[in-house]
Amino acid sequence: MATSSVSKGCFVFKPNFKKRKISVPIEDYFNKGKDESEDSKLRFETYHLIWQQMKSETQRLQEELNKNLFDSLIEFLQKSHSGFQKNSKDWGSQIKLREIPTAALVLGVNVTDHDLTFRSLTEALQSHVTPYVVSLQSKDCPDVKHFLQKLVSQLMDCCVDVESKEEESAQKKTHCSMDSLSSWYTNVTQKTDPKMPRKKRTSSQWQSPPVVLILKDMESFTTKVLQDFIIISSQHLHEFPLILIFGIATSPIIIHRLLPHAVSSLLCIELFQSLSCKEHLTTVLDKLLLTTQFPFKLSEKVLQILTNIFLYHDFSIQNFIKGLQLSLLEHFYSQPLSVLCCSLPEAKRRIHSLSDNQCENIRRLPSFRRYVEKQASEKQVALLTDERFLKEEAQSLLENLYVYHTNYFLVLRCLHQFTSSLPKYPLGRQIRELYCTCLEKNIWDSEEYASALQLLRMLAKDELMTILEKCFKVFKSSSEKQLGSTAKKIEELLAQFQSLDEAKEEEDTSGSHSKGLQKTDLYHLQKSLLEMKELRRTSKKQTKFEVLREKVVNFIDSLVREYLLPPETQPLHEAVYFSAAHTLREHLNAAPRVALHTALNNPYYYLKNEALKSEEGCIPNVAPDICIAYKLHLECSRLINLVDWSEFIRGTPTTAWLPSSAMSAPGIRTSEPRAAEKRNVRT
Amino acid sequence: MSKPELKEDKMLEVQFVGDDDVLNHILDREGGAKLKKERAQLLVNAKKIIKKPEYDLEEDDQEVLKDQNYVEVLGQDIQGSLKNGSATDGGNKVYSFQNRKHSEKMAKLASELAKTPRKSVSFNLKNDPEIMINIPQCSKGHPASDKVQLKNNDKGEFLSTTPRGLRKRLMVPRSHSDSESEYSASNSEDDEGVAQECEEDANEVILRPKSQAQNRVVSAPVCKETPSKKMKRDKTSDLVEEYFEAHSSSKVLTSDRTLQKLKRPKLDQQTLRNLLSKVAPSFSAELKQLNQQYEQLFHKWMLQLHLGFNIVLYGLGSKRDLLERFRTSMLQDSVHVVINGFFPGISVKSILNSITQEVLDHTGTFHSVLDQLDWITNKFKEDSSLELFLLIHNLDSQMLRGDKSQQIIGQLSSLQNIYLIASIDHLNAPLMWDHAKQSLYNWLWYETTTYSPYTEETSYENSLLVKQSGSLPLSSLTHVLRSLTPNARGIFRLLSKYQLDNQESPSYAGLSFQDFYQQCREAFLVNSDLTLRAQLTEFRDHKLIRTKKGADGVEYLLIPVDSGTLTDFLEKEEEES
């Protein structure tokens, strides 16, 4: 083969230059993969469009979420630098001048997302505070020398013009010290003064902008390097205005653990906390999935897998988005009807141009079949035979689906308002948990829902009112007609609660007279208490508030039952819901160990041959040699002797045992798979 | 929290949990979800007691609920998944300790096979239950087993070929079926007695307690359903004893037969390969079908590679042919680099070199690997029309699995227009990547179980059956020795005998020159220091001996030949002289 050699391990293949120019567009791979490439071009375009939208949406979200943090950081930087700026002579500020202003940024454990945060932070700082922003990683700085080298080279890169590059590269090689840095700094700041108009005004609003040094992963820096650097730079602080930003993944205590008091007293630390990644996830879900803005939806299993990977494996939003991208791709790749997964008017237009084949695909959808069965017989016939009629019907179904989703999310949010404050959170604290349950089944059949309603019936008035107000806002925010009446209903309920206030006082006075219990003996007390209990049970007289509360609960219950049907009940839901959870899991969260184990223990799973079928824990004679060898290895791993094995196999009649091993060299057969196996299955 | 419940929980704390319960808990995951749930609830209860006044026990509750949820989803998914291993019983098999649950089945098979020569009838696979009954009976009775031995002796050819391991296995099912069927102390004693007899019979040293302990451990989970309490108690005490028995025996007796003892000459690489190529793989139709399935994914792979994912293949069997087919069918018109991770001389440096020198036609050199990486990164970022496919066979190989190498390859693969498709084989390969690296790689996992042999991948490693060209084989030894004077031969024989005598001691460093000289003089082989030295120089020139300076500065002499060959050589010499 062309790619095996005893002298080298890398083989470069370059096609002819002419040939290389003709590169295949990506869409082609989308088409060719499937035999029946129905509308695949359109599908790929739709995928691309939706993905771009989602991506920009997530970026926007990210910026929005970071905005607060960045604003406060920038404010801190400006404030701390102003001291240097003023150059005041009084004692207090001079003491302060010896301290390096430091921002400790607690970012949480989702290390993979930090890069993105730091990148946008750098951009924000460069546009608002100073052009001199350097970010260092621990792996670049094994000692102070490298640390300074990196710092110098990045500083020079980030601000100096091309003409002086030669000179710098020479300097880079020679010697980097804090002295040279500070002299460079004064040099540069003086040089930029006359050139001021050339630069953006915002970036050089000060005469001497500070130098911001970001240490991305503070924990993994060597303590010695950090300490030395801090001590050195604090000496030069008066001429080299440094500001540090520590990226911290664990907890702020780590600063004091890494740095002794003598060093940490040189820092003036302020703590900043980034948004927790769980909240981040909630916002992302809220804006990407719990909305009708994007037609694409995830089924319960898929959502569960994605959130589980997030919560139990990495806390990384990036990975979550990646999973979302993959599911989007899989959906458009594998489902021919995903062509309808776009905005409603566009989908309606596309239905018109559907081919016969696609119509057949619609008819084959289980949800559509269920729908057809419910129709009258003549309509059934029309749906199954007449393409035109089918298309019209599909249009209205799509519209229904759209309406269903709008209502669904409104009611879901409303229900979440109710359940999120209940003790013990029977339906989950996060809206995603509620969403999962609702996607899975009829939520009103679940025990949790019943207990949630039970708890709702015990809510106090003010709690209930705040919830109702929130719900009112939810409904108000949408302009849908269907649920406009609901908003009105809630308003009415609220008004009734308010009017209850006056009525309540009267009731209080009327109910108080029974409380006066006279001094009695034990027997009478018991008796009267029993009587009171009996009375309460039989009379069932409810206060007005209780009646009203019951009304609210019934109202929300009816809403849920009407609108929170699981998506499987909707015809044509397959077009927008991605449900192949197992493929997602396979590709994102694979289990190589399980695969190896299965391949060795149960070859039937892969090689669908009846001869390989066996009961649990037993390996058939005819299984591939490697499986048998593995089994033996499992059984008596410490007693294995290759000679014995080979002799044993030679000594047994070959007809029944290992038919594959040829008569000529049966002894060798076992050792070869064994050698191979040893390579892989080292335990 | 009500009081009785509280009490109950307190009782729980002191309750004794039997070993077998623990075993059940570990091994039995069939009812895993249920069991887990119960445990979890217990846990929650306990927590509630501890922090009753606080309100955050709800959170705990919640978390537990989530955990259960996760476990369920995991379970469901593995079951629901079509591809990801059958694993009907969760991951317990995969992640358990060494599982000996079904060892008796293999042993049964072995005994079946062992029976055939005695019966000298071509045996039928179907009547194994009967055989199972037969074996314990006939091997228990003293005379019967004697007979077996005798018969075996008659069939000399069989005895010579029956390995010791097999005979051991013959005994295993017997003792095992005993202990399993009746399971009482007296019986096991009985069993032991019989076993001792058998041991004498067989003239074999078998570490009895050891094997028995193993058996018992095996059978424990088998009998775990039996509800009888008494039996449980028996078992727990047994288990304790067996535990110590199993762990006290420091030495495991294994068969000491080696390949050298076989009267079969070693093959050279070529013959071995020819022999292996004659063997047709079983289930070729099914394998072909599997491969076709994977080939249908090629277009999808290309699509996903272009969309920014990288692809990693895992699963049993060599994936080299598959990737090769992918290369020839999809990548003919694009620049690509094939990297054999299994090549012993591979390094990240060589990968980067081939990219810079051959793909990007750069002639300069770089200070460090990181510089080179930076340069490549810049080059690819500047020119978006550049595209490069990297195919790495065995990304987890010895040479590439290091942290630094993985970091660099990961950074390469994270570039927009470098597409990486790699294969991994090691069981723990995914441990190479932490979160940061994983996000660099942006993997999509694909399972491609091929069952094909790792021929090419293992070709750089030495097989036991192949003649090692590096060491001195017997023939050349005799060849050289034959051309020497009888005295010289005597010198060599002396040295080799001494080495064989001392081969057991681990601290043996060689024979010191002075001692050797003394011995040679005593055997009238040399008359002076100088003659011996001249002789030794000749040996050294033929690479028959090696000298080493010890820690005390004394010269030590060694024959760089393994003891098996040396023994053979001496035997041959004896015959000749």
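Student: In this predicted model, is Gln406(B) buried or exposed?
Tutor: Burial is assigned to residues under 20% relative accessible area. The relative accessibility of Gln406(B) is 0%, so the residue counts as buried.

Student: Which helix holds Gln406(B), and which residues does Gln406(B) touch beyond four places in sequence?
Tutor: Leaving aside residues up to four places away in sequence, the contacts of Gln406(B) include Leu395(B), Leu400(B) and Arg401(B). Met432(B), Trp433(B), Lys437(B) and Tyr441(B) are also among the residues touched. The helix that holds Gln406(B) spans residues 403–413 of chain B and is H20.

Student: How many residues of strand E4(B) are buried?
Tutor: Ile418(B), Leu420(B) and Ala422(B) point one way from the strand, while Tyr419(B), Ile421(B) and Ser423(B) point the other way. Residues on both sides are buried. For E4(B), residues 418–423, the count of buried residues is therefore 6 of 6 under the 20% cut-off.

Student: Which residue stands opposite Ile421(B), and which stands opposite Ile418(B)?
Tutor: Strand E1 of chain B, residues 310–314, pairs with E4(B) in the parallel sense over 3 bridges. In E4(B), Ile421(B) has Ile311(B) opposite. E3(B) also pairs with E4(B) in the parallel sense. The residue opposite Ile418(B) is Leu388(B).

Student: How many salt bridges does a search of the whole structure find?
Tutor: Side chains of opposite charge can pair when their charged atoms come close. One pair of this kind is Arg363(A) with Glu360(A). Over all chains, the number of salt bridges found is 25.

Student: How far apart are the closest N and O atoms of Arg363(A) and Glu360(A)?
Tutor: Both residues lie in helix H16 of chain A, residues 356–364, and are 3 residues apart, about one turn of the helix. Arg363(A) counts as buried at 7% relative accessibility, whereas Glu360(A) counts as partly exposed at 33%. The closest N and O atoms of the salt bridge are separated by 3.2 Å.

Student: Why are Asp557(A) and Arg561(A) separated by about one helical turn, and what is the N to O distance in their salt bridge?
Tutor: The two residues are 4 residues apart in helix H25 of chain A, residues 544–563, and therefore about one helical turn separates them. Asp557(A) is buried at 14% relative accessibility, while Arg561(A) is partly exposed with a relative accessible area of 40%. The N to O distance is 3.2 Å.

Student: Which elements hold Arg533(B) and Glu555(B), and which residues belong to their network of salt bridges?
Tutor: The side chains of Arg533(B) and Glu555(B) meet in a salt bridge at 3.5 Å, N to O. This pair links distant parts of the chain, with Arg533(B) in helix H26(B), residues 529–541, and Glu555(B) in strand E8(B), residues 555–558, 22 residues apart. Arg533(B) is partly exposed at 37% relative accessible area, as is Glu555(B) at 22%. The network of salt bridges links Asp529(B), Arg533(B), Arg540(B) and Glu555(B).

Methods: Residues are numbered from 1 along each chain as its sequence is written. Chains are lettered from A and ligands numbered from 1 in the order in which they are written. This is a predicted model: local features need pLDDT of at least 70, side-chain atom pairs count only at pLDDT 80 or more; totals for chains, interfaces and linings use all residues. Side-chain values use heavy atoms; hydrogens and water are left out. Buried means under 20% relative accessible area, exposed over 50%, partly exposed in between (1.4 Å probe, protein chains only). Contact means heavy atoms within 4.5 Å. Two strands pair if DSSP finds at least two bridges between them. A salt bridge is a side-chain nitrogen of Lys or Arg within 4 Å of a carboxyl oxygen of Asp or Glu.
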